[in-house]
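Biologist: Please show me the model. I have some questions about it.

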Amino acid sequence: MTTPVVSIAYHSGFGHTAVLAEAVRTGATEAGATVNLINVAEITEAQWEQLDASDAIVFGSPTYMGTASGAFHVFAEATSKRWFTRAWQDKLAAGFTNSASKSGDKLHTLQFFTVLAAQHGMHWVGLGAMPGWNSSTASENDINRLGFFLGAGAQTNNDQGPEGVHKADIATAELLGRRIAEQARVYVAGRAAL
């Protein structure tokens with residue numbers, strides 16, 4: 001069985017999104033993937049090569065002012081070298097984000113990631129979980145408590161550090177990691193069978 005390679009390309013301004021990136025890595029590793037964790041604000045040429053060699057890339061950023069962080073946007077623009085050569089064509093992609101507000105326009109950040117992936121010719125993998133915390137018997141501790149489908153959305157109070165990242169959001173990020181690793185395994189096996 002081929003081991004899929006999943007890379008997590010993320011930026012974290014204050015450490016909250018780094019907690020989620022670690023959770024995605026945990027989930028993907030538990031599902032049997034080889035995982036590269038890449039802070040895009042400090043990306044090296046070797047890490048660009050890791051992205052090029054990956055079966056799946058998971059994008060992660062805090063949501064600032066209704067979109068991904070400036071550092072993530074710099075990374076996204078730098079991917080144009082890969083766009084010209086179609087280096088990421090047909091890879092899998094997924095994404096996650098965090099903001100202080102329950103909504104916080106996180107959907108826009110996830111949509112930004114999907115457009116970036118589509119421009120590269122990648123295939124988007126959503127969260128694959130039903131929404132939690134949407135009935136009288138539900139709880140803020142439910143998986144996907146904020147009800148996102150496009151990717152993993154998290155909320156952390158703006159007066160708390162990384163230790164304040166909600167446990168349910170960490171579990172949701174782990175779920176995203178498992179899902180992208182499982183889908184990458186199917187994709188890699190299918191490609192090998194052709």
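Modeller: Start with Phe 14, which sits in the loop between β1 (5-10) and α1 (16-30); helices (H or I, at least four residues) and strands (E, at least two) are DSSP runs numbered from the N terminus. This is a predicted model, where local features need pLDDT of at least 70 and side-chain atom pairs 80 or more, while totals for chains, interfaces and linings use all residues. Residues count from 1 along each chain as its sequence is written, and side-chain values use heavy atoms, without hydrogens or water.

Biologist: Is Phe 14 buried or exposed?

Modeller: Buried means under 20% relative accessible area, exposed over 50%, partly exposed in between (1.4 Å probe, protein chains only). Phe 14 has 63% relative accessibility, so Phe 14 counts as exposed.

Biologist: How do α3 and α5 run relative to each other?

Modeller: Helix α3 (residues 70-78) and helix α5 (residues 106-119) pack with axes 11 Å apart, at about 10°. Axes are lines fitted to C-alpha atoms, for helices over the stretch in contact, and angles run from 0 to 180 degrees between N-to-C directions. Under 35 degrees counts as roughly parallel, over 145 as roughly antiparallel, 65 to 115 as roughly perpendicular, the rest as oblique. α3 and α5 are therefore roughly parallel.

Biologist: Which residues of α3 and α5 make the contact?

Modeller: Contact means heavy atoms within 4.5 Å. From α5 come Phe 112, Phe 113 and Leu 116; from α3, Phe 72, His 73 and Ala 76.

Biologist: Is Ala 152 buried or exposed?

Modeller: Ala 152 is in strand β7 (residues 152-155). Among the residues Ala 152 touches are Phe 96, Leu 110 and Leu 176. Its relative accessible area is 4%, so Ala 152 is buried.

Definitions and conventions
Lists of a residue's contacts leave out its neighbours within four places in sequence.
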